[in-house]
Amino acid sequence: MCGIVGYVGELPAAPLLLQGLKRLEYRGYDSAGIALANQKGLEVYRCSGRIQQLEGAMEGGTHCTQTVGIGHTRWATHGKPSDRNAHPHVSGDGRFAVVHNGIIENYLSLKGELSEKGYTFTSDTDSEVVAHLLALLYKGDVLDTIRQVVARLRGSFALGILCADTPGCLYAVKNASPLVIGVTETGCLIASDVTAILPHTRRIIRMEEGDIARLTIGAATVTDQTGHPVQRAMEQVDWDVEAAEKGGYAHFMLKEIMEQPRVLEDTMASCLDQNGEVVLEGVGLTEAVLHRLRRITVVACGSAYHAGMAGRYFIEQMTGLPVEVDIASEFRYRDPLVDEHTLTVVISQSGETADTLAALREAKARGSRVLAIVNVVGSSVANESDDVLYTRAGPEIAVATTKGYTTQVAMLYMLGVYMGRRLGRLTVEQNAAYVRELRDLPALVERCLTMAEEARTLAETVSQHEHAYFIGRHVDYAVALEASLKLKEISYIHAESYGAGELKHGTISLVEEGTLVVALASREELVAKMLSNIKEVKARGATVLTVTDCAHRDMFRESDALLTLPVSPGTFAAIPMTVPMQLLAYYTALARGCDIDKPRNLAKSVTVE
């Protein structure tokens, strides 16, 4: 996601901020900028592209004498990568400069209100509303103004703020996005990631939810949203820089697994409004367009294809339309039956996947409307599609996708609710129930992450196998596809996935004494059939690991080992069922001594056929 760094102290701020931004480059970004403050006002530099370009525009910052400033690296969410969308954003009167991580959910209503009051917007971002709102509410007390602004914002946000009227101060706000304070002998820093400030200090204060900080050369004062001072403990960081980049985790993959509750919340915040409706901003799937559809085709590769499989069941249920999920490299060569009555949904994390891009062009050439689900703003897939839904996973450093996959599935679920509502197939009550379940998903995933130690223990056994078979029915089969891929790509164990009912049609001949079979069971109505499948493989000597929730106790006595979900996975089971599978794959690869973040022969973005 985006990166924030800020400094107030005795030293020139610009070189220090540029150094901090470079230490955030590993997170991925498309633009960067810096704002500096002194008695003469604010000075702002920003540009799309690499930090080197920003550094060149500033001549390395060597001529900048200001000792207070904020910096930002942006990963585009609202608005394409460009100079005008780069942070910091400045209020129209030039008084406030703001950098922002996260998503302002109600920015459209705030933007409308501010526009009516005469405020002019120069970017496409949600973040710019913060700068103008500060200017609107300012009456001379910066902290009081910030509290008023925060009270009006909904969503997730970490903010760094400068005010020209108080050039010796740096302000910071934390709400659902990480932000830390660093304390040095010469001043104070803020950063969204400890990495940015480690060269200057190892003494940090972790801001907590709702904290608002005022930093000066000599002090860091933290208050809550009511203005009451709060005490936050000073912490000594003993990580090295590499560990700091990973947030203290051993690998980026584990860090990204653990980020899933937050990125799911960000992804859903972009589509769920305050009235309990799914709103797909900028998407032209009107009722008239939807009623003309006769079929939906989902096209993707790898884990994105598995996401399509997971979303298929729910979208069919919501729309009453047949949903076909195609591998992109097959779709483009098989004379696909798509036309003007088809919605083609293409899914790609990078937005540059060669086969997916070719399939998109084939679908459009045949008259199909194309909706893209991608993570990268301004990517080729995004630019060439009729409609785009952006996931909010942020950059993934590990080659094996985790948060990229679950945010894709979440977006498909929201697409299903959106379409079902506009096709008149959902009542108000049904819509409200689904939206409640969607909003509960981040907390559900958070609870599933508590299974890490259980997964680690079982991984010691799994790591001794050279073959594994994953079985499931309905959406659990889709989860099995992703689970087997995750295990094989990072642990190098041969793993396959099957619809459980297919076992007796050939695959069961491979099951012998000690064969590992992982059985996934989330659906109550299919438990009896899954029990039969488990007994079938047990009778042939298989070692069975079952993944289910506590409600399915009959599974317990039939299995050799269990990964038990702490709660029912609910309607949107594909997401919480996947999390323990990610953990199992990670710890199995760890036990086998594999290069987890960079598995052999694989690339993050497949841009060739």
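Is T73 buried or exposed? T73 is buried, at a relative accessible area of 0% (buried means under 20% relative accessible area, exposed over 50% and partly exposed in between, with a 1.4 Å probe and protein chains only). Before the views, a note on what you're looking at: this is a predicted model, where local features need pLDDT of at least 70, side-chain atom pairs count only at pLDDT 80 or more, and totals for chains, interfaces and linings use all residues. Residues are numbered from 1 along each chain as its sequence is written, and side-chain values use heavy atoms, with hydrogens and water left out.

View A. T73 sits in strand 4, residues 68-74 (helices, H or I with at least four residues, and strands, E with at least two, are DSSP runs numbered from the N terminus). Skipping neighbours within four places in sequence, T73 makes contact with C2, G3, L21, L24, Y29, S31, A32 and I51 (contact means heavy atoms within 4.5 Å). C2, one of these partners, counts as buried too, at 10% relative accessibility.

**View B. Cysteines without a bond.** There are zero disulfides in the structure (a disulfide is a pair of cysteine sulfur atoms within 2.5 Å). For C2, the nearest cysteine sulfur belongs to C47 and is 15 Å away. Another cysteine, C448, is buried with a relative accessible area of 0%.

View C. The strands come in the order 21-20-22-23-24, with parallel pairing (two strands pair if DSSP finds at least two bridges between them). Strand 21 (494-499) and strand 24 (561-565) stand at the edges with a single partner strand each, so one side of each has no neighbour in the sheet. On average, neighbouring strands here are turned by 20° against each other, direction ignored. Strand 20 (residues 467-472) and strand 22 (residues 516-520) run parallel and are joined by four bridges; A468 has L516 in strand 22 as its bridge partner. Across strand 20, strand 21 and strand 22 lies helix 17 (residues 475-491), running at about 175° to strand 21 (axes are lines fitted to C-alpha atoms, for helices over the stretch in contact, and angles run from 0 to 180 degrees between N-to-C directions).

View D. Helix 20 (residues 574-591) has 18 residues and should span 26 Å at 1.5 Å a residue, which agrees with its end C-alpha atoms being 26 Å apart (the expected span is 1.5 Å times one less than the number of residues). Of its 18 residues, 16 are buried, so helix 20 is largely enclosed by the rest of the structure. Just after helix 20, G593 takes a positive phi of about 70°. M581 and V345 touch the most other members of the largest nonpolar core, which has 100 residues (a nonpolar core is a set of buried Ala, Val, Leu, Ile, Met, Phe, Trp, Tyr and Cys residues joined through side-chain atoms within 4.5 Å). Beyond four places in sequence, M581 is in contact with F470, V479, A483, V518, L520, V547 and L563.

**View E. Helix 8 under cover.** Eight of the 10 residues in helix 8 (residues 260-269) are buried, among them Q260, P261 and D266. What covers the buried residues includes strand 6 (96-104), helix 15 (428-448) and helix 20.
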